[in-house]
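Please examine the sequence and the structure shown below before reading the report.

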Amino acid sequence: MNITLAGARIIDPASGLDRIDDLHVAQGRILAMGQAPEGFTAERRIEAAGLIACPGLIDLSARLREPGYEYKATLESEMQAALAGGVTSLLCPPDTDPVLDEPGLVEMLKHRARSLDQAHLYPLGALTIGLNGEVLTEMAELAEAGCVGFSQANVAVMDTQVLARALQYARSFGYTVWIQPQDPHLAKGGVAHSGPVSGRLGLSGVPVTAETVALHTLFELVRSHCCRVHLCRISSARGVELLREARREGLPVTADVAVHHLHLTDVDIGFFDSNCRVIPPFRSQRDRDALCAALADGTIDAVCSDHTPVDDDAKLLPFGEAEPGVTGLELLLPLTLAWAERHQVPLVKALARITVDAARIAGCEGGSIAPGQPADLCVFDPKQAWVVSPVSLRSQGHHTPFIEREVLGRVRYTLVGGRVVHE
Amino acid sequence: MRHPQLNSHGELRHLLTIDGLPRDVITHILDTAASFLEVSDRAVKKVPLLRGKSVFNLFFENSTRTRTTFEIAATRLSADVVNLDVRTSSTSKGESLLDTIDNLAAMNADMFVVRHAQSGAPFMIAQHVGPGLHVINAGDGRHAHPTQGLLDMYTIRHFKKDLTSLRVAVVGDILHSRVARSDIQALTTLGVPEVRAIGPLTLLPPGLKEMGVQTYTDMREGLRGVDVIIMLRLQNERMRGALLPSAQEYFKHYGLTEDKLALAAPDAIVMHPGPMNRGVEIESAVADGKQSVILSQVTFGIAVRMAVMSILAGTR
């Protein structure tokens, strides 16, 4: 279908373009901006004055819960949530049941996603069989089946020798390994950031050293094996500092942060709100400020939703027993906008962190608006306020610390491959 | 955000923690307890304040002693008491915590006394129950044991009168102790100018400074000149491992002996929430000595729990 998006403020972070213009889409791709080319007739014209059109968002971590946890969420429900959030590509970690450690499972998941024909799904394969940290997966086979990288989700590899070998093996084929830096021994039993709040509430703590010790180990391994590592969910100021040094040194590392970590701290746990139970934990205000600054200056490359739908039975429990994770696909855009607003980050740069920068890490298509590129677009009203509630969320997961809060920025149209899939 | 233990008038609806409890509420509870102390000395140890009310003891974690003190307090107020060992019944059959609560609430309970191994569990219950029901936290994880904190304050006030000139030391496994947290919060709320925490660094939680506490790793230094010593119980499973090498070494450095007690003020009192490990955290000569007020704590505990129950029952 030929579509003309009329009068939107088009922001393409990849090229730095930011202007009000018409955008023409044909055969699933961006055709042109400005004047409609000769012979082009739009079958649909979307009046988009006052709206912003940017590349469809790319979420570096969204759990869709399939296979195995369909009672928490399904591909159908979460794809809907993604599109409602303007997310047109998503990477899903391998911690499903069974774990994504076999090509057949990956193919099945890709097939399911293709038949839904909505957002693009890019699975991350398991780094080790069953995520047990012992035996490597058939990475080349998994890559052929569609995995774009290899990850342990938030399960640590206990054995550093296995980790070193996994990095070397991945490097042989040029794959990126996605690691959440958290030392499993230092984090053992911890449910909240180790600090005054956990001390007062009597919650066992995850110290910052759990992150920094893991980072030191990873940087040493990267240094000696030259493998490419993407660090998932940096959470502390000290972690940011180490990352900055590593990047200055030129190590092939990239990093992301979960969008809720840009806004909340351990104080938000309040009276044991299990919606604040996340991995890694919300840390101190100083940590949060460092994450915000690092994302702005590019030390942290991208921001993701770390979307994790959790069912009531697993969340309505005492804090320490509640399953970690919050829903986030639909909050990625508004919370990124709120971060940009608070820290005076230009919109072009802020949107880069959830589009082109994420695409570069994922090694996937999309993330830019240029003639010939796939017409994956997010068209949103930056001024529209809405209240986060179980009713306003499409995701089957309703647990988020932002519940009842008013946020700014509502997606009006989402296009995938030139089709309007959400409006 | 309103504290979940207060109603919209700022009155105590549940007792969940000392943290954030206004000073006048604490004082009111202690004053009320004083009036109940006399009931326990009567031939007929009963007042009819909670007649017709049902108090459910919900112990998700075992504790005969604490449960008994609540049971006695409720009985002396003429309430009907139902003891439920929830640990061995519903939850082990896979019923969720909130389902259990809904079921018990449907039996027209008026008050839940809750003990749970997870910090914060009573908050969840309090936020879930309907308006007519009151929740008392009888100990949750490492978080709080507010009635113990209150009875400790009662004890200190009884023996020391003026709290605003005291030095108080809390000694031992503060990291895992809900009693320590409630005591520290009560002491600072009541204006005790100097609260000290004494223990090895492996047993001191983060954030003590923010709670207004000075920490000491040397017990002798920490005890110097204190007026009150609160000893904490060291759990058996923590005596040997990565937190501590042995009970013997612990006793040598952090056990209260007569010679260490001599460093405190001459009229210092010695407290312990019980049950004691003699020879691990405290020497028998001290536990049974003339400065020990450990058994008074138990007696006052009944009166304080009566006070809490009667105040809650009078709040909507």
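The model is predicted: local features need pLDDT of at least 70 and side-chain atom pairs count only at pLDDT 80 or more, while totals for chains, interfaces and linings use all residues. Residues are numbered from 1 along each chain as its sequence is written, with chains lettered from A and ligands numbered from 1 in the order in which they are written.

Chain A contains 12 helices and 19 strands; these are DSSP runs numbered from the N terminus, helices being H or I of at least four residues and strands E of at least two. The values for chain A as a whole are tabulated here.

| Property of chain A | Value |
|---|---|
| Radius of gyration | 21 Å |
| Box of the C-alpha atoms along the principal axes | roughly 65 × 45 × 45 Å |
| Buried residues | 59% of the 423 residues |

A residue is buried if 20 or more other C-beta atoms, placed from the backbone, lie within 10 Å of its own.

In chain B, 5 strands form an open parallel sheet in the order β7-β6-β5-β8-β9, where pairing requires at least two DSSP bridges between two strands. Its edge strands, β7 (213-216) and β9 (269-271) of chain B, each pair on one side only. Strand β8 (residues 228-231) of chain B pairs with β9(B) in the parallel sense over 3 bridges, and B:I230 has B:M271 in β9(B) as its bridge partner.

Conventions
Rg over C-alpha atoms; globule rule 2.2 N^0.38 Å. Buried ≥ 20, exposed ≤ 12 C-beta atoms within 10 Å, placed from the backbone.
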